[in-house]
Amino acid sequence: IDSRVSGAGRGWAVEVDGPTHFLQRGSGREPNGSTLLKRRQLEQLGYTPVSVPYWEWSELAFQGEEEVRRYLRDKLHFDHIGGYNP
């Protein structure tokens, strides 16, 4: 887990998943077995797992800080004004 985030009575476990977390399936990528197991375990502990795939994170390297914040808020379904917004 790269970061734990709490707010609005919820908890998220954020992880930037690198290439070893995925299997190549046709033209797409799917999480591998150990990554799926970790996500299930986090859910059992009461966290909502949030995956940030490496290819999306790499694209953000060329964006500004505000774009990174917007991306993470969207991933967490967190409205910077009102809090959690599913």
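I am working from a predicted model, where local features need pLDDT of at least 70, side-chain atom pairs count only at pLDDT 80 or more, and totals for chains, interfaces and linings use all residues. Residues are numbered from 1 along each chain as its sequence is written, and side-chain values use heavy atoms, with hydrogens and water left out.

**Sheet.** I looked up the strand order and found β1-β2-β5, an open sheet of three strands with mixed pairing. Strands are DSSP runs of E, at least two residues, and helices are runs of H or I, at least four, numbered from the N terminus. Two strands pair if DSSP finds at least two bridges between them. The edges are β1 (3-7) and β5 (48-53), each pairing on one side only. I followed β2 (residues 10-17) along β5: they run parallel over six bridges. V16 stands opposite V52 in β5.

**Rings.** Which residues do ring pairs link into a cluster? I found F22, Y54 and W55. Rings of Phe, Tyr and Trp (its six-membered ring) pair if their centres lie within 6.5 Å; planes under 30 degrees apart are stacked, over 60 edge-to-face, the rest tilted. I noted three aromatic pairs by this rule. F22 and Y54 have ring centres 6.2 Å apart and planes at 55 degrees, so that pair is tilted. F22 lies in strand β3 (residues 22-25) and Y54 in helix α2 (residues 54-60), so the pair ties together parts 32 residues apart in sequence.

F22 is buried at 14% relative accessibility; Y54 is partly exposed at 25%. Buried means under 20% relative accessible area, exposed over 50%, partly exposed in between (1.4 Å probe, protein chains only).
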